[in-house]
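Please keep the sequence and the structure in view while reading.

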Amino acid sequence: WGHDTTQRIMFSRTLLAAAALAGLVADAEAFMPAGSAALPKLSSGRINARTSTVGPLMAVPFKNAEGRKMRVAVVGGGPSGACAAEVLAQESSIDTYIFERKMDNIKPCGGAIPLCMIDEFKIPTDVIDRKVRKMLMISPTGKEVPIGQTLADDEYIGMVRREILDGFLRNRAIEYGAEAINGLVTKIDIPKDGDMETPYKIYYSNYNGKKVGTPETLEVDMIVGGDGANSRVAKEMDSGEYNYAIAFQERIKISDEQMSFYEELAEMYVGDDVSPDFYGWVFPKYDHVGVGTGTVINRPAIKQYQNAIRERAGAKIEGGKIIKIEAHPIPEHMRPRRVNNRALLVGDAAGYVTKCSGEGIYFAAKSGRMAAEAIVSLSKKGSMVPTQSDIEKTYIRDFDKAYGPTYTVLDILQQLFYTNNPARESFVEMCESEYVQQVTFDSYLYKKVQGNDPVSDIKLLVNTVSSLVKNNLRKDLPKDQKFYNPVESLQRL
C-alpha cells in the first residue's frame, strides 16, 4: 500500500468496517460513542438534548386557569405521529390533537417493514402488499447474489404503500380518541427555556377538506414533532441542522408476467452509476414496482442515477408505465437536539433513519410510541408536566440504548462499502455467506443484535479484508465517476 494516502485510508476503513461486522454479531455497543449515544454539542445558547441545565429536573404540577385537561399536539400523521397519538389518546386525562396536512399523503418510500413490526404494532395482513422472502443483490459488475435461504417459512419482509400504512395507523389513533386536524402548522410560539406553565401556541391553516386553509391557533402544553425531515417543529424548537439524502422513486406498472418475477422478490443494485453513496432498488408493491435510488453527496444528479437504475433493471421492467414520480428528503443522522423543554421529536424529524439500509418506518413508529409512553407515565394522569430532564432520562435514553448500536454499525458499514466500486463488489460478495445472511435477516426482522459465534466472526473479518484487498487490485471493475459538487456534497455535518 506504500505511501498512497487514499489507499492507506481505504485500508484503515477496511479494518474498522470488518471489525464493525464482528461487532454487529457480537457486541455492537463497543462501537458506540461514550455515553451510549453521545451527541454533538451546539454553539447555540440553547440547551443540548443530552446535557440539560435549564429548568426543573423533575415534573411539576399541571396548572391551567381554564380548568381544561393537559393538551398534547402531535404534528405529523405518519407512522411516528400516528403511533404517538394512539398511545396518548388512550389516556383519558390528556386531550390529544394530531395535525396532518394531507390525509391521503403518498410519501416516497421503499416501504419495507420488519416482521416484528407487524406483530408489535398489530398491522393487519391487508395492509401488506407483498411478503418478500428473497432478495437479489447486484454488484457493479452485474454479479447477482440471491439471499433469503436462511429465512423460515413464516418469515418475510413486509412491503407496504405508505398511503395505506399511514392511513391505517392514523385512523386507529383517531378511533382511540385523538382529534384529527387537517391542517398545516406554519408557526409555533415557544415558551422561554424552563417555563413549565406558558402553553405553546400553534398557528396553522385549517383545510378541513377545503382547497384554501383558514388561519387558526391552538394552545397546547406539550408538542410531539413527527412532521418529517423538513420538520416545522424541529425548526421552531431550534433542534440544529443535519444533512439529508434525496430519495427518488418511480412507481412503474409492469406486465403480469414481469410482475410474477417480483412475486416474493426485491432487488438491490449497488454501483456508482446508480448512487455514489447509497443503492438503487426495485421493490414490489400491490400491482406495480417501486424503482428508485438516493444520494447525499451528489443530489443534483439524482435523475441521472434514476435513469441508471432503470437501465440496470432492464428487461425486467421494460415497457412499464410510470404511474407516479416521487421525491423526498431523508435525514442522514439524528438531530443534535431532540428535546427542548416540553417539545420533542420522533421519526424522521428526529433523524431516525439508518445508514446503509435507509430504514426508517419501524424506528419512526417505535420512537413515536416510546415518546408517548414516557409522556403518559410521567404526567401521572395529567396531573404533572414532564420536564426536559424527565424526557431525556426516559424516551431519549431508552431509545438510544435500544437502537444506538444499530445506527453506529450501519453508519460504519456505509462509510466503507458504499464509497467505491471495489468496496461495493466486496459488499455483494460478503452477502454470499449464509452466516452473514442469517445474522443480517435476524437483526433486521427482530430488531435485536444477533449472533455470538466468535469463530464465524473471525472468519468473516478475514474474508471481508481479503475481498476488499482483492477487489481494489482488480482492473476489470468499472471506474468510479468523478464529480465536483462542493456546495451540495462535500460538507457533511
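The expected span of a helix is taken as 1.5 Å times one less than its number of residues. In α9 there is a kink of about 50 degrees at Tyr403, shortly before the proline Pro405. The bend at a residue is defined as the angle between axes fitted to the seven residues ending there and the seven starting there. Of the 30 residues of α9, 21 are buried, and the helix is mostly covered. Here buried means under 20% relative accessible area, exposed means over 50%, and partly exposed lies in between (1.4 Å probe, protein chains only).

Helix α8 agrees with the expectation: its 19 residues should span 27 Å at 1.5 Å a residue, and its end C-alpha atoms are 27 Å apart. This helix is also mostly covered, since 17 of its 19 residues are buried. Just after α8, Lys380 takes a positive phi of about 50 degrees.

## Basis of the description

The model is predicted: local features need pLDDT of at least 70, side-chain atom pairs count only at pLDDT 80 or more, and totals for chains, interfaces and linings use all residues. Residues are numbered from 1 along each chain as its sequence is written, and side-chain values use heavy atoms, with hydrogens and water left out. Helices (H or I, at least four residues) and strands (E, at least two) are DSSP runs, numbered from the N terminus.

## Strands and sheets

An open sheet is formed by 6 strands in the order β9-β3-β2-β13-β20-β19, with mixed pairing. Its edge strands are β9 (179-181) and β19, each of which pairs on one side only. Two strands are said to pair if DSSP finds at least two bridges between them. Within this sheet, strand β2 (residues 70-75) runs parallel to strand β13 (residues 222-225), and 4 bridges join them.

Strand β14 (residues 244-253) is largely enclosed by the rest of the structure, because 8 of its 10 residues are buried. It pairs in the antiparallel sense with strand β18 (residues 321-331) over 10 bridges, and Ile252 stands opposite Ile322 in β18. β14 also pairs with strand β17 (residues 289-295), again in the antiparallel sense, over 7 bridges. Here Glu250 stands opposite Val291 in β17.

## Salt bridges

How many salt bridges does a search of the whole structure find? The search finds 26, where a salt bridge is a side-chain nitrogen of Lys or Arg within 4 Å of a carboxyl oxygen of Asp or Glu. One of them joins the side chains of Glu250 and Arg310 (2.6 Å, N to O). This pair links distant parts of the chain, with Glu250 in strand β14 and Arg310 in helix α7 (residues 302-313), 60 residues apart. Glu250 is buried, at a relative accessible area of 4%, whereas Arg310 is partly exposed at 27%.

Another salt bridge is formed by Glu359 and Lys447 (3.1 Å, N to O). Glu359 lies in the loop between β20 and α8, and Lys447 in the loop between α11 (434-446) and α12, 88 residues apart. Both Glu359 and Lys447 are buried. The side chains of Lys470 and Glu429 also meet in a salt bridge (3.2 Å, N to O). Lys470 lies in helix α12 and Glu429 in helix α10 (residues 421-430), so this pair ties together parts that are 41 residues apart in sequence.

## Residues with positive phi

Most residues other than glycine have a negative phi. Asn341, although not a glycine, has a positive phi of about 60 degrees. Asn341 is located in the loop between β19 (339-340) and β20 (343-345), and it is buried at 6% relative accessibility.

Cys356 likewise has a positive phi, near 70 degrees. Its place is in the loop between β20 and α8 (361-379), and Cys356 is buried, with a relative accessible area of 7%.
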